[in-house]
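Subject: Structure for you to look at

Dear colleague,

I am handing over the structure below, and I would be glad if you could look through it with the notes that follow.

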Amino acid sequence: MITQEIIQYPIIPYKKLGPNSIDEFLEIFEDVLDLDLEKGMDLDFLIDTKMGSDKISPTLVLAKPKDAKIIASICKEVYNGTYPYKEIEDERMVKKMIESPDNHFILFEINGEVAGCFRCSLDFEHKKGYSGGFMIKKKYQRILDVTKSIIGSYAWMWKTYQKEILMWYCENRTAHAASQYITSVCGINTVAFFPNKDVFYNRIESDVMGVIYHEKTLKKYRERKTPVLIENALDSFLHCDKLYKLGNFQLASPDLDLDYNKIFELQKAFRKDLITDKYGYGYNQFFIRGTKSYFTFLHTSQIQNFEKTKYRVESLEELYVYLEEFLKSMKINKIRYCEAFISAFRPEDQQLFYEFGFRARGYVPCWNYNKTENKFEDYVVFNYFEGEVPQADLLPVGQDLVNILNLQINI
């Protein structure tokens with residue numbers, strides 16, 4: 001008589017999903033999974049839901065340089081050649097990324113075939129990690145278990161780099177809520193709204209920003225000073241306070257007493273540099289001769305936006321000159337979306353960005369790591385956009401944020 005062995009997998013109660021921190025997430029999954037992507041990670045667990053799932057669980061494998069070609073081809077196939085970040089369509093660039101310690105691609109394999117991929121980018125200096133680039137071949141869409149695939153990917157990322165990376169963030173599409181849902185299951189919360197930031201399938205879309213932390217990041221490494229915010233940033237702070245119990249804040253109404261004679265002199269010393277690469281990225285730097293200040297940003301021409309804005313100034317007059325030139329560049333390049341992260345402890349800077357047309361649409365605890373102080377500082381997300389905001393499919397946490405921001409969008 002032949003008996004068939006019944007394999008019983010661990011069952012994860014659905015109510016345990018959506019943890020409050022990376023620590024809680026790893027308590028659930030690190031003992032359930034064999035976190036070895038070199039030999040391949042099987043997703044040998046079940047999620048206890050009323051609906052159940054008949055989708056295929058892939059094996060997760062860490063990509064090697066030889067896999068660059070398949071990753072680039074998946075990107076071209078999934079987005080029909082319209083993916084705006086062209087470096088991911090370039091096999092040579094993907095190979096360089098895989099060879100770098102700052103990037104990893106995780107492959108989803110089904111019966112030996114690569115069905116999709118996911119990427120993480122690591123900023124060791126600032127203790128931040130970014131995850132994104134989740135793509136599934138068309139023939140495996142609606143077949144592959146994407147929720148378990150992302151859970152397994154995050155389990156490996158967050159466990160492997162738990163000492164080096166203390167906060168993680170992502171940007172999710174809003175044309176549908178699928179990616180928001182998957183990341184929320186892992187404990188990632190929506191903290192900022194980016195209206196009209198992206199273009200997918202040649203259509204303008206908004207994004208939402210999600211974050212998750214180690215418990216010690218917020219408790220031990222978060223700057224204990226009280227955030228000082230202008231009124232326009234208050235709603236974004238309160239939204240985040242509901243999620244993370246941030247504590248006290250102060251409201252400020254800065255009276256910007258600018259010296260316009262000084263501004264005139266600084267304008268004469270203004271200089272700028274621009275380096276453009278083959279993928280359409282423009283690396284812009286503003287500086288003022290005779291000072292240590294700077295203002296840098298990335299122009300992503302293929303989607304008409306400015307992002308990754310960073311600056312250092314010694315006076316509000318210097319910042320005024322930079323913002324004046326920033327707006328000129330926006331007009332010249334027909335920019336549709338622009339963003340800047342501003343310190344929650346610099347209300348005068350917040351006010352100046354506000355007076356130049358930017359609005360607060362997010363608050364990110366522990367966004368910027370100060371190596372000297374060994375502390376993270378909170379930042380406010382200010383952005384600017386043009387055009388009507390298209391339909392956005394949001395989870396309740398994202399919809400709550402949009403509601404308090406009084407943004408008019410189609411639901």
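Arg-222 is buried, with a relative accessible area of 6%, where buried means under 20% relative accessible area, exposed over 50% and partly exposed in between, using a 1.4 Å probe and protein chains only. Please keep in mind that this is a predicted model, in which local features need pLDDT of at least 70 and side-chain atom pairs count only at pLDDT 80 or more, while totals for chains, interfaces and linings use all residues. Residues are numbered from 1 along each chain as its sequence is written, and side-chain values use heavy atoms, with hydrogens and water left out.

Arg-222 sits in the loop that runs between helix 6 (215-219) and strand 11 (228-230); helices (H or I, at least four residues) and strands (E, at least two) are DSSP runs, numbered from the N terminus. Its side chain makes a polar contact with the side chain of Asp-378 at 2.7 Å, a polar contact being a pair of N or O atoms within 3.5 Å, of which, within protein, one must be able to donate a hydrogen and the other to accept it, and residues adjacent in sequence count only if both atoms are side-chain atoms. Leaving aside residues up to four places away in sequence, Arg-222 touches residues including Leu-246, Tyr-363, Lys-375 and Asp-378, where contact means heavy atoms within 4.5 Å.

Asp-378 is also among the residues touched by Val-364, again not counting residues up to four places away in sequence. Val-364 is in turn one of the residues with the most contacts inside the largest nonpolar core, which has 69 residues; such a core is a set of buried Ala, Val, Leu, Ile, Met, Phe, Trp, Tyr and Cys residues joined through side-chain atoms within 4.5 Å. Helix 9 (residues 316-332) gives the most to this core, with seven residues, and a second, separate core of 40 residues includes Leu-17, Ile-110, Met-157 and Ile-182.

Ile-182 leads on to helix 5, where Ser-179, Gln-180, Ile-182, Thr-183 and Val-185 are buried. The cover over the buried residues of helix 5 includes helix 4 (146-160), strand 8 (167-173) and strand 10 (203-213), and just after helix 5, Gly-187 takes a positive phi of about 105°.

With best wishes
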